[in-house]
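The sequence and structure come first, followed by points grouped by topic.

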Amino acid sequence: MALKSFLRALGVGGPTIDAVLDTDRVQAGGMLTGTLHIRGGDSAQTASKAVIELVARVVKKMGDDEYSADEVIAGSSLPGPIQLGRDHSIPFQLALPAHTPVTSLGGRNFVWLRSGLDVPWAVDPSDRDALEVHPTTAQSNVLHAMEQLGFRLYKVDIDARSSWFGRKWVQEFEFRPAGYGRARYDEIELVFENQNGSQVELMVQLDRSARGLGGLLMEMTGTDESWRRVTVDASSPQSAAHMLQQVIA
């Protein structure tokens, strides 16, 4: 018995968990569904709960150096006790926040579902499933509006920001001029702050010197003329373009 307990503590012969998603292509603000398959373990053990978490890879900066860290965006627990030593198939669903980082547009954007079991006195088994996250309809309309106004999406990053919007990170959408006519802007950066249906609150930076959004996000006071907050009707690319045109004119 002592040997079995020792091996369990090392994760040998312990239970496994596998999240099988109904689809790995999801939309921010939508619902992620699937089934947790729990197998194995010692019949004398129970798991206190199963946990599912939506996790994003966030880029952090320290001086001139960059490193990445994992941030939990949303999560839920499936309460136990869950008797081990036999198979379980547990359906789950997880609501994705509208601010879930978009990964379908490229860049250093990684989001996944992390699932696990809380097993006392043992190595907690876990599983990881990558997700392809698409923008909300309102976000997509704003992004298309910028294209209509003569800008192309250049870069999308998930960066750490201290206490911004009540979360520790933001996703920045960086646009650059697609051609002649908008050359007075080196770049324009958008951050989606809040979304309520087709109404989108944006933080917009009109960057004439390519300083980037990072320093301003940490220093903004509400009076800096190099950035603006704007609420946009994003019910269509045309309506969003009409309102953004007034900001970047």
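**Sheet and strand pairing**

Strands β1, β3 and β6 make up an open three-stranded sheet in the order β1-β3-β6, paired antiparallel. Its edge strands, each pairing on one side only, are β1 (16–21) and β6 (88–95). On average, neighbouring strands of this sheet are turned by 25 degrees against each other, direction ignored. The model is predicted.

- Eight bridges connect strand β3 (residues 31–39) with β6 in the antiparallel sense. In this pairing, T33 stands opposite Q93 of β6.
- Strand β11 (residues 187–196) runs antiparallel to β12, and nine bridges join them. Q195 is opposite V200 in β12.
- The hairpin of β11 and β12 has two residues between the strands, and G197 in the turn has a positive phi of about 65 degrees.
- β12 also pairs with strand β13 (residues 227–233), antiparallel and over seven bridges. Here V204 faces R228 in β13.
- Strand β12 (residues 199–207) is mostly covered, with seven of its nine residues buried.

**Helix α2**

- Helix α2 (residues 137–148) has 12 residues, so at 1.5 Å a residue it should span 16 Å; the end C-alpha atoms are 16 Å apart, in agreement.
- Buried residues of α2 are A138, Q139, N141, V142, L143, A145 and M146.
- G150 follows α2 and has a positive phi, near 100 degrees.

**Salt bridges**

- Side chains of opposite charge can pair when their charged atoms come close. The count in this model is 11 salt bridges.
- E132 and R25 form one with an N to O distance of 2.8 Å. This pair links distant parts of the chain, 107 residues apart: E132 is in strand β8 (residues 126–134) and R25 in strand β2 (residues 25–27). E132 is partly exposed because its relative accessible area is 28%.
- D70 and R57 form a salt bridge whose closest N and O atoms are 2.7 Å apart. D70 is in strand β5 (residues 65–83) and R57 in strand β4 (residues 46–62), so the pair ties together parts 13 residues apart in sequence. D70 counts as partly exposed at 38% relative accessibility, as does R57 at 22%.
- K60 and E71 meet in a salt bridge at 3.5 Å, N to O. K60 lies in β4 and E71 in β5, so parts 11 residues apart in sequence are tied together. K60 is partly exposed at 22% relative accessibility, whereas E71 counts as buried at 14%.
- A network of salt bridges links E66, R108, K155, D157, E174, R176 and E187.

Note on methods:
Residues numbered from 1 in each chain as written. Predicted model: local features only at pLDDT ≥ 70, side-chain atom pairs only at ≥ 80, totals over all residues. Heavy atoms only, no water. Helix = DSSP H or I, 4+ residues; strand = E, 2+ residues; numbered from the N terminus. Expected span 1.5 Å × (residues − 1). Buried < 20%, exposed > 50% of the residue type's maximum accessible area, 1.4 Å probe, protein only. Pairing = 2+ DSSP bridges. Axes fitted to C-alpha atoms, helices over the stretch in contact; angles between N-to-C directions. Salt bridge = Lys/Arg side-chain N within 4 Å of Asp/Glu carboxyl O.
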